[in-house]
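Here is a walk through a structure, sheet by sheet and helix by helix. Keep the model open while you read.

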Amino acid sequence: MNTPNENLMLDRADTRVRHDEGIAGALRAFIDRVRSGDLGVLPVLVGLVLITLVFSSLNPVFLAPNNLVNLLFDAAAVGLISLGVVCVLLLGEIDLSIGSMSGLSSAIVGVLWVDSGMPLTLAIGGAVATGAVVGYVYAFLRNRFEMPSFVATLAGLLALLGMQLYLLGGTGSINLPYASGLVKFGQILIMPDWLSYALAVAPGAAMVFSGLRTMRRRSEAKLSSPGGSVLYAKAGLLTLALLIAAYYLNLGRGVPWMFGAFVLLVVVMDYLLTRTQWGRSMFAVGGNAEAARRSGINVRQIRMTAFVLCSSLAALGGVFAAARLASASQQAGTGDVNLNAIAAAVIGGTSLFGGRGSAWSALLGVLVIMAISNGLTLLNLSSSLRYMITGAVLAIAVIVDSLARRSRASHGRG
Amino acid sequence: MTSTTDGERQAGNLILKLRGISKQFGAVTALEDIELEVHEGEVVALVGDNGAGKSTLIKVLAGVHHPTSGTIEYCGEPVALDSPGKALEMGIATVFQDLALCENLDVVANLFLGHEMNPWNLDEVQMEVRAWRLLRELAARIPSVREPIASLSGGQRQTVAIARSLLLDPKIIMLDEPTAALGVAQTAEVLNLIERVRERGHGVILISHNMEDVRAVADRIVVLRLGRNNGVFTADTSHQELVAAITGASENSVSRRMARKLEESEA
């Protein structure tokens, strides 16, 4: 161990590798990554700017604070469903029944809470538990009978829709009481201004805090760090963007609690996926299930957790959607809900091919999808046109994903 | 050179001893009455033609197959290797021919896959430090442990796979054709790596069809033929002798070809 490298950082001993330092280095590394097909959040940012330019020029109301607040109210339900989709997509699986699941869940809440008079929490618990059972069944079919998940969930799509129609029976829809907390949560509850600003500052502060801690630990362990300047620049930019967003939304009604709840779940999921053994196993199974199995990972159990999480989150999303609409109807969860949730995950950067993605893609993707849907509604386009355009957007997102994947393969980045 | 070091290596403790191992698949006898010993700090090469039973023997040791009869002694105790997990737990690690790495994860994640430090709040810093230490001990040339496996060359991937098997500090590691798909320089690197693994005091079982590689690193060469032991040789053994043992006759297709070539060149 008495090599001349002894005094160098542990990870800086190899002189063949270029090491990017400071802000310029970080920028250079970012450009390299994008060139090799590791696009990250870039498509989302480009998409959002384009959408904003197009729709605000066609109808200035699009950018009005209160319209954006409405957009966030709408985004929470589909976003939650999309968060679950991220889990199954990470494994290279898919769930096509999320729309029906959310519809069934809203029907369950309607029947248990409004018709049978059970407590609301119990009704919501029942809906989410149903979701968990459905996810368990999909995982069982996949694990036990090697049934491709798109077939199992396609069957589920019909079966769950049938259950939803059966539960709602002859009436066809159940109205939720307007005065109830659930409907208020879905339609009017807004964070106080001070809280929204505090929450806008919190991520940047947390980033600096944990970043400095990691840097200290890395230097103690003789590992290199990207440097404080990059950290402060990133945190500063993020805080600035969030403060502007909070200020702008507070010009209107403010930041919806429902959206806050969604973001909280995204943060929790992000922690689980990136900082725990379970999350690491998810990526491993999505990348190479056989390798994961040989490393001692229980692949079946990982699959099970993913499907259960997906269906449960879809059920919770259904509850949010019912709260938003103040009703549980036969139309809930039909139409473009399925497609929007899957498209949001893919647009946000979660690959359809497994092993690549993040919880944030649900948040970012759903903003894009909802912006499109909201803009088209403002233009008074018929739903036929809206479906066609949303379908085209999903196709483009998948093409970008495929191209990026091919480019990554040719640049040796997996 | 080999004689003195050989003498030292023989002094290493006996880790694994197989006695009379047989394995039958229905009417087919894949292994019959196999004897094998592995000491600490020793490279034992397992050679033989296709169908000689090398892979079956490796799978018995990895806990995938159960022997029909015979005993396995591990560190002096008779043991039953009834599952891959148990073999791994006892300290018998296997590096399979198809490498079984996750291309989308970086080197650190692959090294620690399934054995991450601090499962509910991954300790990335500690894992990275240990990864660098291990790779440095093996004098492995990996440019960065934070790059996905997809960006590494074949030799580097093999290095990562071998390093991963060492992470749990096994007593024995089994390498199934580690140089099969590698170029000249990369093969040399993997052979160096095997020698460093031996220096760390692990027992190594090496399967290879490449006699040059085998004679370059092996302390003992165990020849299997048609599921039976067919002699134990040292690295000094000539190529012809090894081939004769593998094919079962001094008169074989390889020797006939050599003789023909010789005649042709003389003519």
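Start in chain B, with an open sheet of 4 strands in the order 2-1-4-5, paired in the antiparallel sense. Two strands count as paired if DSSP finds at least two bridges between them. Strands (E, at least two residues) and helices (H or I, at least four) are DSSP runs, numbered from the N terminus. Strand 2 (28–39) and strand 5 (77–79) of chain B are at the edges; each has a single partner strand, so one side of each is left without a neighbour in the sheet. From one strand to the next, the twist averages 25 degrees. Angles run from 0 to 180 degrees between N-to-C directions, and axes are lines fitted to C-alpha atoms, for helices over the stretch in contact.

This is a predicted model: local features need pLDDT of at least 70, side-chain atom pairs count only at pLDDT 80 or more, and totals for chains, interfaces and linings use all residues. Residues are numbered from 1 along each chain as its sequence is written, while chains are lettered from A and ligands numbered from 1 in the order in which they are written.

Strand 4 (residues 69–74) of chain B runs antiparallel to strand 5 of chain B, and 3 bridges join them. Tyr74(B) has Glu77(B), in strand 5 of chain B, as its bridge partner. Helix 2 (residues 54–61) of chain B lies across strand 1 (14–25) and strand 2 of chain B, at about 65 degrees to strand 2 of chain B. Contact here means that the C-beta atoms of two residues, placed from the backbone, lie within 7 Å.

Chain B also has an open sheet of 6 strands, ordered 6-7-8-3-9-10, with mixed pairing. Which strands stand at its edges? They are strand 6 (92–95) and strand 10 (228–233) of chain B, each with a single partner strand, so one side of each is left without a neighbour in the sheet. Direction ignored, neighbouring strands of this sheet are turned by 20 degrees against each other on average. Strand 9 (residues 220–225) of chain B pairs with strand 10 of chain B over 4 bridges, in the antiparallel sense. Leu224(B) stands opposite Asn229(B) in strand 10 of chain B.

Helix 6 (residues 154–166) of chain B lies across strand 6 and strand 7 of chain B, at about 170 degrees to strand 6 of chain B.

Now cross to the partner chain. In all, 27 residues of chain B are in contact with 30 residues of chain A. Helix 5 (residues 124–137) of chain B gives the most to the side of chain B that touches chain A, with 4 residues. That side divides into 18 nonpolar, 6 polar and 3 charged residues. Ala, Val, Leu, Ile, Met, Phe, Trp, Tyr, Cys and Pro count as nonpolar, Asp, Glu, Lys and Arg as charged, and the others, Gly among them, as polar.

Chain A is divided into domain 1 (39–189 + 256–410) and domain 2 (190–255). These bounds come from an automatic or database domain assignment. The centres of domain 1 and domain 2 of chain A, taken over C-alpha atoms, are 27 Å apart. Their contact takes 10 residues from domain 1 of chain A and 9 residues from domain 2 of chain A. On the domain 1 side, helix 3 (65–90) and helix 10 (257–275) of chain A each supply at least two residues. The largest share, 4 residues, comes from helix 3 of chain A.

Helix 3 of chain A also packs against helix 13 (residues 299–325) of chain A; their axes come within 7 Å and cross at roughly 170 degrees. That makes the two helices roughly antiparallel, a term for angles over 145 degrees. The contact divides into 19 nonpolar, 3 polar and 2 charged residues.

Technical notes
Parallel < 35°, antiparallel > 145°, perpendicular 65-115°, else oblique.
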